[in-house]
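Biologist: I am new to this structure. Please show me how to read its features.

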Amino acid sequence: MASLSEEVLLVVKRVRQRKQDGTLYLMAERIAWGPEGKDRFTVSHLYADIRCQKISPDGKAKIQLQLVLHTGESTTFHFSNESTALKDRDVAKELLQQLLPKFKKKANKELEEKNRMLQEDPVLFQLYKDLVVSQVISAEEFWANRLSLNSVEHSLSNNNKQEVGISAAFLADIRPQTDGCNGLRYNLTTDIIESIFRTYPTVKQKYAENVPHNMTEKEFWTRFFQSHYFHRDRINTGLQDIFSECAKEDEKGLKSMVTQGVKNPMVDLLSLEDKTLDEGYGTATVPTTSNSSNKSLRENSNSAIIKRFNHHSAMVLAAGLRKAEAPSDQASETSSTDGNSRDSDLFQPPLKKVKLQEAIEYDDLQGDSVRKTISLNLKKSDRYSHGPIPLQSQHYSTSQDIINSISIIQHEMRSYKPRLTQVMSSSAASSAITALSPGGVLMQGGGQQTINQLVPTDVQSELKHLYTAAGELLRHFWSCFPVSTPFLEEKLTGHLEEMLQAAYNKFQAWQTRRMMRKT
Amino acid sequence: MIPKLCYFLKLLVFIILNNLILKLKLNIDGLLVYFPYDYIYPEQYSYMLELKRTLDAKGHGVLEMPSGTGKTISLLSLIVAYQKAYPLEVTKLVYCSRTVPEIEKVVEELRKLMDYYTKQTEAKNDFLALALSSRKNLCIHPEVSALRFGKEVDGKCHSLTASYIRAQHHSNPSQPVCQFYEEFDAVGRQVPIPPGIYNLDDLKDFGRRKGWCPYFLARYAILHANIVVYSYHYLLDPKIADLVSKELAKKSVVVFDEAHNIDNVCIDSMSVNITRRTLDRCQTNVETLQNTISRIKETDAAKLREEYSRLVEGLKEANVARETDMYLSNPVLPDEILQEAVPGSIRTAEHFVGFMKRFLEYLKARLRIHHVVQESAPQFLKDIYEKVCIDRKPLRFCAERLRSLLRTLEIADIADFSAITLISHFATLVSTYSKGFTIIIEPFEDRTPTIANPVLHFSCMDPSIAIKPVFGRFQSVIITSGTLSPLDIYPRILDFRPVTVASFTMTLARTCLCPLIVGRGNDQVAMTSKFETREDFAVIRNYGNLLLEMSAIVPDGIVAFFTSYIYMENIVASWYEQGILENIQRNKLIFIETQDAAETSMALEKYQEACENGRGAILLSVARGKVSEGIDFVHHYGRAVIMFGVPYVYTQSRILKARLEYLRDQFQIRENDFLTFDAMRHAAQCVGRAIRGKTDYGLMIFADKRYARADKRGKLPRWIQEHLTDGSLNLTIDETVQLGKHFLRQMAQPFRQEDQLGLSLLTLEQLQSEDMLQKIAQIAQQA
């Protein structure tokens, strides 16, 4: 492996693994560890194989970093340099933190994609078995130009994938743990960060504004958790807090949501009451204005919590819907340019009417309850009734033309007289028909038994597999031309030739086997 | 040949039968009733029978039937049939409901019924039915209708349509008026509105087409409409009833739907609260009046003189009009007041303003106290006479006199004068009624004894005062709701003699409601919202665990009600601290009712959205709040309702204490009985929100051990009580979860119409069978 040509991002000395001192290397695509004094790695993991990293708590004597692989195995590194162990570990951790997500997504996606392709395409699966499982070519080579072939389709299918919503309790997952010495630890994962960003776009904005320039990522999140924004009593956010703006934004968002009002008139509490009592009437004690100012702090913070829960739930709900709505919006926008889209909306009764009808319906009192139908929302109704029409047929004949031509045909039919003297004799006609029927003179070639009726199916399928496998190899072969890189040249002269040879041998073996069975 | 003929005959019979069955024509005790559905619930039939008896007797009725059993359509079908059969006996149906959506629903059901009538009889519909609502819901003036609050709309409308404004417009065309009203005034009254069913939106459409004001059109049209649907206030609040409903015919049937809170509506419409802020604003009002008067005196003294003479005459004219027809007597202005002229002491404008000033100063002095005062109206009058020499008589004319003055001074924006209007109403009320009211002056709120915030409560304690004219005037008044238990208490507190009192159960093919009383946590600590233990950590935690467990097993929506807003705030805060809410969030989204209606509406809509898209959500809400009163949680919007605690009213309130005393002395209702009754009707309202029909299902969880007691349980509506088994009276959380799981699994099975047929759903033939009629007779339980 050409491992040494890789870019080394970080080297940490004095790292122990299995009680052995050594050096930890973080490279562009993998993490590796070699024992002291030896120039090869005993441990080497691709980042793509790593599921997650774990670190020992701050208070522990041993400063360790554990890597958990997708396979379930784990490797533990112990940083043993007394003076800088903690720093070393943190540097490695930070770097991994940045690197892992990139590979993680890629790896998972690739793996999934490959799996999907194999499952969906039996021919490909067979090919995979023939070539990769029987070790004619390596898996990487097999996929090398497969995936790129499918990249277009791939991205398309990815778009339609359903977005995963956000767990409402994502903030609960970062419940702080005390570390024993008056501090708090928050566990953040990329998922949680993603959730926070999706639910609170303002935080994401702050992050984008601040993070590389003004503070480190860690500092950002520390401040986030310290800020009143995160905490429930969001009332007294100081000015020095960078999140006070977020709080304000949220407040504004909430307010605008409230002022927008509700679409469904049945839940609009404001217009529920027909005639509210004027101020001063009624027995209910009216909350006077002086009342709200002297509310205790606790009451205020309680109502802040309530507000916040409402806001949080609304945001979570919106985050889940936002993605789903975006494409449909686009669709309606594009279709609205085609002229006849909006008129379909007119057929939809207004929401209020629908809700009212729903509210008074007793479906069990109704006889054969009519199935509720969804009205067909046609953007282009002519397409629906005619189907796609080739462009040249755009030239319609006018009805006058049609009438004319019909009358002409009628006229001709009326004046039609068969010229019986010029028809073929019946014997000639029947001989021509027999000649054209199966088994006739002219149908000789087609009348023979086809090869697929002669050869048993298993032989056929084997042959087919060999054929496709050879075809695939040939495709590899031809894809090497023009030979522009040394890698291609090596592939061409080296193992591709071997592969072709192997394929040929395989064919030979199959042929002799067949022959032997025949004789 | 013969078999073929037979086949055809069969086919023919089949077709005819099909047509017959398609919709029902019922024979209710000799009355032909068109019922616009193919099937009928047995209880609907029974309900109609009782209703018919009430109408025949020309008396009043109290009928309880669970919501979701088609109460409204039964009522409408029968009364419309009655009106058609005996047009001289019942001329009008006045249907009162509580909320705007409810009103609109009623009109839509009526439309369905009328469509069926026209289809069956093929005669042209000659019925006029319409909904009436406030200007806010009916205005089509582009500027006025854009305003958000009802009061603003009313004020702006008044400033465009008041008589003197229109008079000014004649001389000065630049004075803006409402062209819709002008148009209506010019031609709208001559041309009757064509028969039909007019919902609020239909009225607006009609108004837009004709260019007429829909609000005034509707107010005018209710006089000759066959059916009027509007809210309670138009009959019960004397301030509005005087304007809108005073000319309704005596031979009307009045229906109060959702009437379980009718006593509170009555009381609210007659009660007044005066704070220091009211008095300050009243002070500025008085000053404005004074300035206006002096200005007018300089420019146009004749106007005031004219008013002076008109005052006597104007009232005399009203008096004449009154004698020709028995008007709806107005409690603020009782009949006797018009037989006399306005007393001389307040007849001139300056004298009246001076009088108001004195009254105001007196009230200010009364609010400057340091201890709580409670007194009766006569005591108050005596005191005011001793202190500032204000007589009872001029006080009684206060409201009328102020109205006249505001008219004379041509004040456009009535809304600005709400404070002085309030004070004058108080003056009139306190001097008119010597019984049934109490005055309580509190220098500060109980919770904040250090902060001076004096309030004068003038509160009505007797709901029968406001509703008495309604019972006295109309030949039949029907009080109905899903929850009226115990039935005997309503006739007592409203002081009337009903001819029928009945409660109907819901016939069910499957038990689709599952009331459970949870009394203990898994740690055996009793769960209760009793005052002594409500702050108890264990109780709060157990409540939290209950919600958490339920959130894991109940699909879609859960609604939880707390006894009061403050209690909910505290519990939510401590659940937050204990991390319970976070755990709940793993299962469902949480939405919470706030004191702000707009915010709550938003939360409610999001809640429904979350139920709709399958995420599931929990709504934390408050009994007696707006949500518990007006919002239904049908099907997946509410698969479980949890009632945390017994929703007793805040018992330390002095107003309540006074009312309880009054009830005990006047109606012999014991305090505890009334409190429990009040708590249980609210609890029943809350849990009943989830069941809105026979195809619906839901858990009803009463989370308080006190519900298990007979005195509480016995006050639940019959249709809930009969599903409360002895096995579900004092459950732990675990047991509740087990029962709930079992119930939900059963309910999730497909439920078809055939399953119901013959049991809880009847065809015409089934209805006519002998034993079914016997069964139906048992549905109604006479109280």
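Modeller: Start with Phe674(B), which is buried at a relative accessible area of 2%. Buried means under 20% relative accessible area, exposed over 50%, partly exposed in between (1.4 Å probe, protein chains only). This is a predicted model: local features need pLDDT of at least 70, side-chain atom pairs count only at pLDDT 80 or more, and totals for chains, interfaces and linings use all residues. Residues are numbered from 1 along each chain as written, chains are lettered from A and ligands numbered from 1 in the order written, and side-chain values use heavy atoms, without hydrogens and water.

Biologist: In which helix is Phe674(B) found?

Modeller: Helix α29 (residues 671-688) of chain B holds Phe674(B). Helices (H or I, at least four residues) and strands (E, at least two) are DSSP runs, numbered from the N terminus.

Biologist: What is Phe674(B) in contact with, leaving aside its neighbours within four places in sequence?

Modeller: Contact means heavy atoms within 4.5 Å. The partners of Phe674(B) beyond those neighbours include Asp263(B), Arg659(B) and Leu660(B).

Biologist: Now α17(B). Which of its residues are buried?

Modeller: Ala377(B), Phe380(B), Leu381(B), Asp383(B) and Ile384(B). They cover an arc of only 165 degrees around the axis, so they sit on the same side of α17(B). The arc is that of the directions from the helix axis to the C-beta atoms.

Biologist: What does the face turned away from the buried side of α17(B) carry?

Modeller: That face carries the exposed residues Lys382(B) and Glu386(B).

Biologist: What follows α17(B)?

Modeller: Cys389(B) does, with a positive phi near 55 degrees.
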